[in-house]
Amino acid sequence: MKKPSIDWLTDVEVFAVNRVTAHSDHQYYATMEEARKKGEMNFRHSLNGTWKFSYAVNPRSRIEQFYESDYDAKGWNTIQVPGHIQLQGFGRPHYVNTMYPWDGYDEIRPPEIPVDDNPVGSYLKTFTVPENMQDQPLFISFQGVETAFYVWLNGEFVGYSEDSFTPANFELTPYLQVGGNKLAVEVYQRSTGSWLEDQDFWRFSGIFRDVYLYSKPSIHADDVHVHTHLDDTYTNAVLEIDLKVATDQDIRVSLELEDADHKVIEVVDQTQFSTSGSLKLSVENPLLWSAENPYLYQVYIKLYDQLGTLIEVIPQNVGFRRFEMKNKIMQLNGKRILFKGVNRHEFNCHSGRVVTKQDMLWDIKTLKQNNINAVRTAHYPNQSYWYELCDQYGIYVIDEMNLETHGTWQKMNVIEPSWLIPGNLPEWQNIVMDRAVSMFERDKNHPSILIWSCGNESHAGEVILNVTRYFKEVDESRLVHYEGVFYDRNYSETSDMESQMYTKPADIEKYLLNNPDKPYISCEYMHAMGNSLGGMNKYTDLERKYPMYQGGFIWDYIDQGLVIKDRYGQEFLAYGGDFGDRPTDYNFCFNGIIYANRELSPKMQEVRFLYQDIKLIPDRNGVKIINDRLFQDTSDLVLEYRLTFEGQQLYRAQKQVNIEPGSEEYIELDFPSELNMNGEYVIQTALLLKNKTIWADQDFELSFGEHIFQEGKRDFIIPKGIVNVVKGDVNIGVHGESFSAIFSLKMASLISLKYAGKEMIEQAPAPLFWRALTDNDRGNQTGFEMSEWYAASLGRKCIGFNVQDEKTYATISFDYALAIDSAIKIKVSYTVYADGLIKVCSSYQGVTGLPDMPLFGISFKMSADYHELDWYANGPEENYVDRANGVRLGVFGNKVSANIAAYATPQESGNRTGVRRVDVTNNEGVGIRISSTDKPIECNISPYTAFELENASHHYELPTIHYTVVTIAGKQMGVGGDDSWGAPVHEEYRINAEKEIYFEFMIEPK
């Protein structure tokens, strides 16, 4: 046996010492009764919980002999396992993206590691072998340890392992003693493996997944490999089970296949079986596994000794499916597949990458409820339980090995691979291949896994190409993915599909139009950082247009935010730098379509709509239903249709429809024949679940579509009565029976608006051309490119005014000049009617040579007492001109404070497009109504101005709320989202400042 050495940490050739050979993650039991229940294994004993712990900032300061039997750890701290060291009071979390965490501190190259910055965690646990496990070989399994660790038992060295995200198992039998046993584990944060784990995530260390003892019965299947061979017509199958059995005697093995209703389908018996072999059974017309219908059979593998005694039972889920490349298109069970996917980090805002079963259950249900059918395990193998859930609930998986070396070849966004690893360096082949083997062997039996991925952002080369060749050699049932060949086409063989990141829709089309050899997927697209996901429809539109476009995976699923407290004891979600961690990439770890606390972000509204498998396109008489499901008709759903007028429901009914998969049908709908009111009508259609499922309740909405139409025309009628215009020296007053409006010639605006004696204006309306920069705005330099409009929003000069008294109404208008360009002219007019209604018009003539404008609107402040909102607009979640596909026009309410989305840094949020009206009121329902005239407007009603939001890096930096800030816009540019480091908002969603802009709205008492 090797003597343990700290030099292993920098030895590329040493990454596993005495580690048990990787194998499948199957469970096993002593009886059929236990196997059917699939509960806790009697052959397994958890060591999770409280351990003794000592922390050292570097190897020199660690306690070297702590593992010795007679070492007294009295006075040591304690730590929870599983758990990260840095989240339990030792050291600190550190977030970086591509650069390595030691960049700027240590000038090193692979496989060197920092000498002083390498925290060490020393763990101690005393255990007694459970009685039922004492007469059998005993092993220990570490499901995840970051990044390298040594193990001792009772003072004897047991083994060493790297690779943070796959199990490391060791045999303990030779080192056991009667009674208590002292287990010692020494965990290092930095090792050779650290160079291979440069993922975009928090850098932690420690034992962060389960630890357990396990034993084996006298006859035990060390490894199980399930094959489901479907014939070319996808109607009949052969189930083949490969077994590796630990035994020195001839044994009997039987297979018993049951369907989901526990009905026995087939049985096969083999009386002579030695250490390895295969058993086969034929299955006629099996129900096939897919995300739409994740049908699982159960096979029971029974192992008997020579006397016929049952020794071990292995229950194994079986999903019959065939995934293949056919005619340059990826197909599942003979049908072209579309990946409507996300990249998913394992993350919990309290415990980091220590995620619970409850977290995973919440995640899998959330995916299904939002029409997401695929996950890429970015960028490492997940816990085994996650794959079990994907099998059961129906999620397509790209299983990605633990490999990323981004910082070795990309620096400051420039590709510079002079010291790239692994590249073509043969000394890195074994350590990289070990990670592939460990992932494959553990995960190979999960039908949800359709594709193996060779890692992420590690450039290209012979080493990774050999990983692909390995996958193809051991598994003909899956394809292989790797994006990095984009950088070196000499290694194109590495990936079965063309996979790119953040490629613009137009460039994807160019690829697809050029007679490509491989189908296309976006393994990362729609960088969902902050207020983002604008223009996602440009990608999903490609799905129907190009058969070789087969979908993509949004970056990413969940914000990597950690809960800590500010200096005043208030909790907030922290990002890079908030722990004093430097260097850092700050809030770049917040890219999710759900927040770190597992609440849906407003972006999910768009995802859910654009990922619908079934499209509903209603018109005045009915609805076209396009069933893009591959295998399932719509008999599990109920069509609900509703008719509303000005937001109020007039009619509602349901209808059963049955549209075959891959087909479409027009369904006529019964509505009232006479629509006798002039105004706006909406036909809303939805498909609801007929019955409860494991992921949603009955009547859950799966698909939605609406049709808006106008019946007749409503003309504006000038309210009866007269207004009293008072022309003062400085102020113009317009008064009516129960209102008063004051216009200041000095302030050049409306400075007071009282309805029934209550003041509505706290700060005068002013033209606004700026919005609080989003993360995407910062990334694409909007703050630089459009900075004139920031300045224009801070000041203007009134160059003229006009007062027009028409007795039944009065119009006061102001002309403004902007210092940024003498040619710019803005006109804002207020027409006040006798009932207190004010019509506001704003116009801009357009000036050649100016940059695009972020926003064209008017903003004013009300008292924060007016904090209740009632909308008739597009909603219910915030939306923007390029992120409004998933909206529905209706009446909904919220509070002003709810319009500040929980993005990591305060930024533009809370906007609504298609605003017909919004009421801003106090608790008594008193306030104002803002409404559109002939054309809907956009509104953002917030507790803060754009400038207050922009000047805060965290939400806790925002001031105490005193105002309701009302911003009404004729236009606001889109939020973009192709990426967050340079991609502009698409042209059609920008505001061309060289063109004329005009909009109007009304204010009236409520």
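The crossing of helix 5 and helix 6 is right-handed, the term applying where the near helix is turned clockwise from the far one by less than a right angle, and left-handed where it is turned anticlockwise. The structure is a predicted model, in which local features need pLDDT of at least 70 and side-chain atom pairs count only at pLDDT 80 or more, whereas totals for chains, interfaces and linings use all residues. Residues are numbered from 1 along each chain as its sequence is written, and side-chain values use heavy atoms, with hydrogens and water left out.

Two packed helices are described by the angle between their axes and the distance between the axes. For helix 5 (residues 429-443) and helix 6 (residues 462-474), the axes come within 10 Å and cross at roughly 30°; axes are lines fitted to C-alpha atoms, for helices over the stretch in contact, and angles run from 0 to 180 degrees between N-to-C directions. Helix 5 and helix 6 are therefore roughly parallel to each other (angles under 35 degrees count as roughly parallel, over 145 as roughly antiparallel, 65 to 115 as roughly perpendicular and the rest as oblique). Helices (H or I, at least four residues) and strands (E, at least two) are DSSP runs numbered from the N terminus. In the contact (heavy atoms within 4.5 Å), Q429, V432, M433, A436, V437, M439, F440 and E441 of helix 5 meet E462, V463, N466, V467, Y470, F471 and V474 of helix 6.

Because F440 belongs to helix 5 and W452 to strand 31 (residues 449-453), the pair ties together parts that are 12 residues apart in sequence.

Among the strands, which pair if DSSP finds at least two bridges between them, strand 16 (residues 220-230) is joined by 10 bridges to strand 17 (residues 236-246), and the two run antiparallel. H229 stands opposite V238 in strand 17.

Elsewhere, three strands form an open sheet in the order 23-24-25 with antiparallel pairing. Strand 23 (323-326) and strand 25 (335-336) stand at the edges with a single partner strand each, so one side of each is left without a neighbour in the sheet.
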